[in-house]
Structure formats: C-alpha cells, structure tokens
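Please read the following briefing alongside the sequence and the coordinates.

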Amino acid sequence: MGSDSKRVLGIESSCDETAVAIYDTVEGLIAHRVYSQIELHREWGGVVPELASRDHIRKIIPLIQQVLGDAHCDKSKIDAIAYTKGPGLIGALMVGAAVGCALAYAWGVPAIGIHHLEAHLMAVMLEERKPEFPFVALLVSGGHTLLIEVRGLEQYRVLGETLDDAAGEAFDKTAKLLGLPYPGGPALAELAKQGRSGRFVFPRPMIHRKNLDFSFSGLKTHVLNVYQQQEKHDMQLKADMAYAFQEAVVETLLIKCRKALEATGLNRLVVVGGVGANQALRTALSERVNAAVFYPRQEFCTDNGAMVAYTGALRFGKTQQNQVIVVDLDCHW
Ligand code: KG4
Ligand code: ZN
C-alpha cells in the first residue's frame, strides 16, 4: 500500500443485494463480494422489503469480515466507510447505514453517505476502458431510467427520465406476466434468445416526442392485452413476445440515446444500471450509436459494493465526518 493511499470500505444494501468492497486509491479495487437474495425472494415473485432488511442484518457483518479477509486488510488500514444512503428500500438502507456509521464511529474514520445512482454512474470508472468527461449516461435500473449529461464529478444534468415505470421494472413486470421466475429481466432476456423476429411488433413509447423522457407502463399493458388475445400460451408464444418486448425497449432506449448525444453535442455514451447488463441493448448501442460506448463489466451493472467504495474514495476528504443524517429520505440528485 502506498504511503498516501486511502482505503475505503463500501457497503451497498439498498435493495436485494448485500454487497461489500474495499477500494484503495493507489491499488484500485482490492476485494469485493455480493450476496444476492434472489433465492429468498423467488417464491414471492419479487422483493419483499421486510425479508430483504432481515437478510441484510444476517449477512452484512460476515460479509464485511470476509472482504477484509480477502483483502488481507486489518480494520486499522481502513480510512473511511462509504455506504448507500438512498434511494432504496428504507429498511434495507437502514441496515447498511447503521452498520457503516457504527463501524466508522468505532474505528474513528469518516462515514460517507453515497447516492445510489451516482454510484451506478461511477461504476464505469472501475474499468480499464473508461470514459473521459464529459459524457452522456444512460442509467437503466430496476428503479430508474435516466439520461444524464455528466460534465464531471458532481456535475450532473438530468436530460430525461421515465414518467412511470423504469426500464428494469418493465422487464420484471412483463417477465412476470409471461410466467417467468424472479428476477424477470435476465430471465426474459434469456427467453428472448428463442424468440422469432417479426411475429409481434410492439410500440416504441414516446420516440416522436422532442423531449428525452421515457414511459414504459403503456408498453407493458400493450403486451398484456396481446397476450390475453392469444389462444395458445405455449413457450414459443412467450419467447416471441419476450423478443418483441426486448426489441421495443432496446429501440426506444437507442433512439433516446441518439437524441441525447445530438442535443448535447457529445460523442461518448456510458450505459450503467442493471438493464445495462442486457446483451441485446449492448449490441444495439455499440453498433448503432455514433459515439464511443462504455459499460461497467456485467457484475458491476447490477448492485455492488465496488461502486460505493469507489465513489466514497472520490468523495474522501470532501464530506462531513460521521454524518448525522444516515439515510436520505428524499435523495434527489
Ligand atoms: O441496478 P439494479 O441491480 O438495481 C436497481 O438499482 O434497481 O437493477 C436491477 C434491474 C432489475 O429490474 C433486473 O431485472 C434488471 O436490472 N436486469 C436486466 C438484466 N439484468 C438485470 N434487465 C434486462 N436484461 C438483463 N440482462
Ligand atoms: Zn441499483
């Protein structure tokens, strides 16, 4: 470890992943683990907030111990603790925030509350191939769909956002309708591989509007109506519908990204958040957008501790020590 390096322990617990990482400002990411609650929530078909909070409580301390062990790092080497302060499920956030702030107090280091969306945005900076500022970012997760002009750290301008469902939420709800298991997004993407092009063509919402906002709830309802009109609900029907749904979402995101690049005059596009792991989206953007496109590796598209530790390291020394407000209920940009 370099003499002037700083080590930040990052904690993420905003939804259904308990995740911990250590980022060193000289050595980079030195350890990270994600414990996913997928199995716990599967039988309910979605995230049950109370179960999520309880599972975070069970997993968080062992996970911190494991990550410290992986990094061969004693707690005395940690210079700050970063935790997700919001947005997210309140009970789930409280677990990470309470543990993060308590450890920071006990170890005599600053606690740094991190905005979950900013952490997603910064995840791309953990890659070898990373963008320079400025860039346009498409943030597509289970809770958010945003186009953001990013001029630098803390220089964010929201260009457009969803008026109703987030892209990931639309994937999840459509997957549920097709009888796919939770989490729906990856399951629907997998099924779409068996789907045939052209049997269904679904609407691309709001692509003719001048603004950069999105709306996905109408598309979801459209899929429901078409599904109910079919006589036979076999696997090929479901695969063809999954294909058409994914195609509609991808085309919509692609068109809006092009418009955002045009409006800002920028030529770099960053794609982050859980839906950023979608291969059809990656292929469409890489091949059909007139810009250099950057992504975090797949495992850093979905929730993880590395992005929190890294964003904490960027904020080190610029933040209030041991904050009084641990969870930010309004958590706007
Ligand atoms: O960023 P994330 O882990 O959590 C939030 O902050 O919301 O994103 C989770 C979302 C879920 O809606 C999930 O279905 C979606 O990302 N997702 C995908 C894929 N992998 C994850 N959606 C489509 N295709 C995928 N391969
Ligand atoms: Zn997230």
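**Helix H9 and the overall model**

The buried residues of H9 are covered by elements that include strand E6 (135-140), helix H8 (235-264), strand E9 (268-272) and strand E10 (292-294), where a contact means heavy atoms within 4.5 Å. This is a predicted model, in which local features need pLDDT of at least 70 and side-chain atom pairs count only at pLDDT 80 or more, while totals for chains, interfaces and linings use all residues. Residues are numbered from 1 along each chain as its sequence is written, chains are lettered from A and ligands numbered from 1 in the order in which they are written, and side-chain values use heavy atoms, with hydrogens and water left out.

**More on H9**

- Within helix H9, which runs over residues 279-288, Leu-281, Arg-282, Ala-284 and Leu-285 are buried, a label that stands for under 20% relative accessible area, as against exposed for over 50% and partly exposed in between (1.4 Å probe, protein chains only).
- An α-helix has 3.6 residues a turn, so residues three or four places apart point the same way.
- At the start of H9, the backbone nitrogen of Ala-280 has a side-chain oxygen of Asn-278 within 3.1 Å.

**Whole chain**

- The protein chain has 10 helices and 10 strands, assigned as DSSP runs numbered from the N terminus (helices are H or I with at least four residues, strands are E with at least two).
- The radius of gyration of the protein chain is 20 Å, which agrees with the value near 20 Å for a compact globule of 333 residues; the radius is taken over C-alpha atoms, and the globule rule is 2.2 Å times the number of residues to the power 0.38.
- The C-alpha trace spans about 65 × 45 × 30 Å along its principal axes.
- Of the 333 residues in the protein chain, 54% are buried, and among contacts between residues at least 6 apart in sequence, 71% join residues at least 24 apart.

**The loop between H6 and H7**

- Ser-215 is placed in the loop between helix H6 (184-192) and helix H7 (217-229), and it counts as buried because its relative accessibility is 15%.
- The side chains of Ser-215 and Asp-164 make a polar contact at 2.6 Å, meaning a pair of N or O atoms within 3.5 Å; within protein, one must be able to donate a hydrogen and the other to accept it, and residues adjacent in sequence count only if both atoms are side-chain atoms.
- Leaving aside residues up to four places away in sequence, Ser-215 touches Thr-162, Asp-164, Pro-205 and Met-206.
- Met-206 is found in the loop between H6 and H7; this residue is buried at 13% relative accessible area and has a positive phi near 65° although it is not a glycine.

**Other backbone features**

- His-72, in the loop between helix H2 (49-70) and E4, also has a positive phi, of about 45°, without being a glycine, and it is exposed with a relative accessible area of 75%.
- The peptide bond joining Gly-86 and Pro-87 is cis, with omega about -5°, and Pro-87 lies in the loop between strand E4 (80-86) and helix H3 (90-107).
- A cis peptide bond also leads from Tyr-182 to Pro-183, with omega near 0°, and Pro-183 is in the loop between helix H5 (167-177) and H6.
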